[in-house]
Amino acid sequence: MHRVVALVRPPQSSFELACAAQVFGIERQGLPARYTFGVCTEHPGPVATPAGYDMLVTDGLDALDRADTVVVPGWLPVQEPPSPAVVGALRRAHSRGARVVSICSGAFALAHAGLLDGRRATAHWAQADELARQFPAVRVDADVLYVDHGDVATSAGAGAGIDLCLHLVRADQGAGYAAHVARTMVMPPHREGGQLQYAAPPHPAQVDGSLAPLLQWVTGRLDEPVTVDDLAAHEGVSARTLTRRFTDQLGTSPGQWLLAQRIVAARELLESTDLPLETVARRVGLSSATNLRRRFLGALGTTPGAYRRAFRAGRG
């Protein structure tokens, strides 16, 4: 069992903590439990929240010494540095091989511990400038939903914490397992685009209706040679208008989004079946094993065969 421990402090945002708890701390019917989830704080006892209630946290910082993943679900106020005890606990956890993760303003705690020096990182778009000002050694990216270095990961605003947690489950357990978790949460397994699409209300001319029905329509037809022109025709708009809608709502182009869905579907088939690569390619609409290899390598930096072998080796 992979042990996940969240480090909280008053005033602790209940939503950021719930992002991690919902992904890692819930037993789901039909899905083997792979994680345990706990919460700790520097001074065990009642921990205030901005929502008008206190949480009772009984574990202290020594809980981080037993964690495989440490999550810092927010750090407010961001101008207040963590104590030497918290900094030391985060550094010890990281040094012994634990993965250290932040949600939203939690990046400030990781930065104070020196875990982000020389690295690309993110936080809520409204806090990105302050993170860059306080920590010039950190390469702050205000656009992305999350950044994962393997041993250290950061996410943007609160909701992006779910994106990051699902990404970590996908990295740990595979795309199929993560998709099951996402379905129980009524969430997409992977959300396209960056956070700047949420930074300010869109211009009224940009709001042309939700793409959700179109996305649902096409994900049920990935085995068909659907093109961007087909998507535009289904919507009754020009390819140019469709591209603008995708950029506004998802932060990516229709072609890039469609390819990403085909790669996700290919990963699930490679993980869960022994189908030949030609069959996998046809089922996800990539036409041939050659095209599948090329697209897979470009997206993930590895070949389908190597991915399948590594996935199965990692599962014992």
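## Burial and an aromatic pair

A residue is called buried here when its relative accessible area is under 20%. In this predicted model, both Phe-24 and Tyr-35 are buried. These two residues form one of the four aromatic pairs that the structure holds. A pair of aromatic rings is described by the distance of the centres and the angle of the planes. For Phe-24 and Tyr-35 the ring centres are 5.0 Å apart and the planes stand at 65 degrees, so the pair is edge-to-face. Because Phe-24 belongs to helix 1 (residues 14-24) and Tyr-35 to strand 2 (residues 35-41), the pair ties together parts that are eleven residues apart in sequence.

Strand 5, which covers residues 69-73, is mostly covered, with five of its five residues buried. Both of its faces are involved: Thr-69, Val-71 and Pro-73 are buried on one side, and Val-70 and Val-72 are buried on the other.

Strand 5 pairs in the parallel sense with strand 1 (residues 2-8), over three bridges, and in this region Ala-6 stands opposite Val-71 of strand 5. Strand 5 also pairs in the parallel sense with strand 6 (residues 99-103), here over five bridges, and Pro-73 has Ile-103 of strand 6 as its bridge partner. Between strand 5 and strand 6 the chain crosses through helix 2 (residues 84-95), and this β-α-β crossover is right-handed.

## The hairpin of strands 3 and 4

Strand 3 (residues 45-48) and strand 4 run antiparallel and are joined by four bridges, with Gly-45 standing opposite Val-57 of strand 4. Five residues lie between the strands of this hairpin, in which Gly-52 takes a positive phi near 95 degrees.

## A cavity and its lining

Rolling a probe the size of a water molecule over the atoms shows where empty space is left. In this model the count comes to one cavity of 30 Å³ or more, and the largest cavity holds about 40 Å³ of space. Its lining is made up of Arg-9, Pro-11, Gln-12, Ser-13, Glu-16, Gly-74, Trp-75, Leu-76 and Ser-105.

Several of these lining residues have further features of their own. Arg-9 lies over the face of Trp-75, at 4.4 Å from the ring centre. Pro-11, which is found in the loop between strand 1 and helix 1, is joined to Pro-10 by a cis peptide bond with omega near -5 degrees. Leu-76 is likewise joined by a cis peptide bond to Pro-77, with omega about -10 degrees, and Pro-77 is found in the loop between strand 5 and helix 2.

## Backbone angles in two loops

Most residues other than glycine have a negative phi, and most peptide bonds are trans. Cys-104 is not a glycine, yet has a positive phi of about 55 degrees; this residue is found in the loop between strand 6 and helix 3 (107-112). With a relative accessibility of 5%, Cys-104 counts as buried.

Ser-287 is not a glycine either, and has a positive phi of about 70 degrees. Ser-287 lies in the loop between helix 11 (277-283) and helix 12 (289-300), and is exposed, with a relative accessible area of 53%.

Note on methods
Residues are numbered from 1 along each chain as its sequence is written. This is a predicted model: local features need pLDDT of at least 70, side-chain atom pairs count only at pLDDT 80 or more; totals for chains, interfaces and linings use all residues. Side-chain values use heavy atoms; hydrogens and water are left out. Buried means under 20% relative accessible area, exposed over 50%, partly exposed in between (1.4 Å probe, protein chains only). Two strands pair if DSSP finds at least two bridges between them. A crossover is right-handed if, with the strands pointing away from the viewer, the path from the first strand over the helix to the second runs clockwise. Rings of Phe, Tyr and Trp (its six-membered ring) pair if their centres lie within 6.5 Å; planes under 30 degrees apart count as stacked, over 60 as edge-to-face and the rest as tilted. A charge sits over a ring if NZ of Lys or CZ of Arg is within 6 Å of the ring centre and within 35 degrees of the ring normal. On a 1 Å grid over the protein atoms alone, a cavity is a set of points where a 1.4 Å probe fits but cannot get out, and a pocket is an open set with protein on both sides within 12 Å along at least five of seven lines; lining residues have an atom within 4 Å of a point. Grid points are joined across faces, edges and corners, and a volume is the space filled by probe spheres set on the points.
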